[in-house]
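This report goes through one model, from its surface to a helix and then to its charged pairs. Please keep the sequence and the coordinates at hand while reading.

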Amino acid sequence: IFDYKNAYFAFQDTLNSHLKSFSKEIDKLADLSNISQHLSNQNFATIEYFLTDSNLYVFTFIDQQQFFDKVDLPSHFKNQLLDYCENLASPSSNFEKSKGEFIADILLKKSFERFGENNSIEKITIIPDIWLGYLPFETLPVPNENAKMLIEKFDISYAYAAHLLMAQKVNSFHHADKPIATFAPQYQNDNQYIAAAISTRSGKNISELPGAKREAELIAELFGGDAFTGNSVTEAQFRQSAKDYKLLHLSMHADLDDVNPMYSHFIFNTQYDTLHDGILTAAELHNLQLNADLAVLSACNTGFGKIKKGEGIMSLSRAFRYAGVPSTVMSLWKVPDDATSKIMSSFYQFLKEGDTKDSALRRAKLAYLDQTMTTEQKHPFYWAGFVAAGDMEKITVTSSNYWKWGIGLFLVIGLFFSCFNKSRQV
């Protein structure tokens, strides 16, 4: 025990020396009252879950108070929830609200009882455990108001853990000065080399991403930023330049490693890189220091990864959090282009009006549902597949460049799913 304590203290000293912006709150991470103080106020609630085989433990933070509840889990709950998630991700499925009512009763009833009858809660942050991370909670009905889904009443966002979200809210991040960097590698001349490089990890071949270069250049021009495109886009270039930008847009291939999540990676051009192998892994991202306010990960599977008990889903999106980026936009499944375009155009407008990220995304989804006439296209598959995680504060820009940031953000996130275009055409 003595040796382990010494090793722990040495680790703390290392954090204090090299990661001061994160480590200064390390002594408060286990302080429940401190977490409550930073994660809730009169209009905010944070709900964190802990799952066992037979029980669900629910921590509810509201108005600087914390509550703890235990819920007995039915034996078939896991299968019911995973079936529900599969139905959400399939437009041809029969979306059953009754199954959502069953899940909401288990997951939300206790917390909503803590809210009280005359509550003023407007925003809810969900901190899921293990396979709850696959669920977009906004599709669930409000307890005792089964005609309404959560999205109709609350801004919903997600976080990986309470102490990480607290650190995001209280730490002073060193924001970058440059507006945006877009990265769109070209693979055509390098395809065979890269396919061989990743064959031992996934066995997948990669293909060119049509239009990625043009998209990256357009986004960078509208933001007054820089576009890194073509054969010269290397891992070394990303490592050297990414730390200088306020917003990062990655339009490229990514590969998921379900067995070893730290080997999940983005694929850069390798032919012209003399310093690195062109495969930027989650482990390598953990050791970078980025200064962006938001990372838009236009690559497949950035929100997915291996489930680790007590940690949640170990994904590429999460790796950006550890690199210092307080918020990301990621996808839970392959959403369709047309619905994405409509929702994200509204999302841009609401952000321009000064909404927080979660509020803008919710209003955009509601606008889509209101404007969509066909019942089939109101299926959650079309609007619930993309979520925001991390710090939900507004994106701050100078007034002189505000219109550029607004237009640019719309286009960046509107192109979020460009990596999925080819797979939908097949």
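## A residue in the first helix

In which helix does Phe11 lie? Phe11 belongs to helix H1, which runs over residues 2–18. The model is a predicted one. Phe11 has a relative accessible area of 48% and is therefore partly exposed, since the exposed class begins over 50%.

## Overall make-up

The protein has 426 residues, and 53% of them count as buried. Its secondary structure consists of 16 helices and 18 strands.

Helix H4 covers residues 77–88, 12 residues in total. At 1.5 Å a residue, H4 should span 16 Å, and the 17 Å between its end C-alpha atoms agrees with this. The buried residues of H4 are Phe77, Leu81, Tyr84, Cys85, Asn87 and Leu88. They cover an arc of only 160° around the axis, so they are on the same side of H4. An α-helix has 3.6 residues a turn, so residues three or four places apart point the same way.

Which residues of H4 are exposed on the other side? Asn79 and Glu86 are exposed there. The cover over the buried residues of H4 includes helix H5, residues 97–107.

Side chains of opposite charge can pair when their charged atoms come close. The structure holds 12 salt bridges. One of them joins Asp105 and Lys109, with 3.9 Å between the closest N and O atoms; the cut-off for a salt bridge is 4 Å. Asp105 is partly exposed at 41% relative accessibility, and Lys109 is partly exposed at 35%.

Another salt bridge is formed by Lys153 and Glu145, whose closest N and O atoms are 3.2 Å apart. Lys153 counts as partly exposed because its relative accessibility is 32%, and Glu145 is also partly exposed, at 31%.

## A buried pair and its network

Lys123 and Asp155 form a salt bridge in which the closest N and O atoms are 2.9 Å apart. Lys123 lies in strand S4 (residues 123–127) and Asp155 in strand S7 (residues 155–158), so the pair ties together parts that are 32 residues apart in sequence.

Are Lys123 and Asp155 buried or exposed? The limit for buried is under 20% relative accessible area. Lys123 counts as buried because its relative accessibility is 12%. Asp155 is buried as well, with a relative accessible area of 5%.

Which residues are linked with Lys123 and Asp155 in a network of salt bridges? Asp358 and Arg362 are linked with them in that network.

How values were computed
Residues are numbered from 1 along each chain as its sequence is written. This is a predicted model: local features need pLDDT of at least 70, side-chain atom pairs count only at pLDDT 80 or more; totals for chains, interfaces and linings use all residues. Side-chain values use heavy atoms; hydrogens and water are left out. Helices (H or I, at least four residues) and strands (E, at least two) are DSSP runs, numbered from the N terminus. Buried means under 20% relative accessible area, exposed over 50%, partly exposed in between (1.4 Å probe, protein chains only). The expected span of a helix is 1.5 Å times one less than its number of residues. The arc is that of the directions from the helix axis to the C-beta atoms. Contact means heavy atoms within 4.5 Å. A salt bridge is a side-chain nitrogen of Lys or Arg within 4 Å of a carboxyl oxygen of Asp or Glu.
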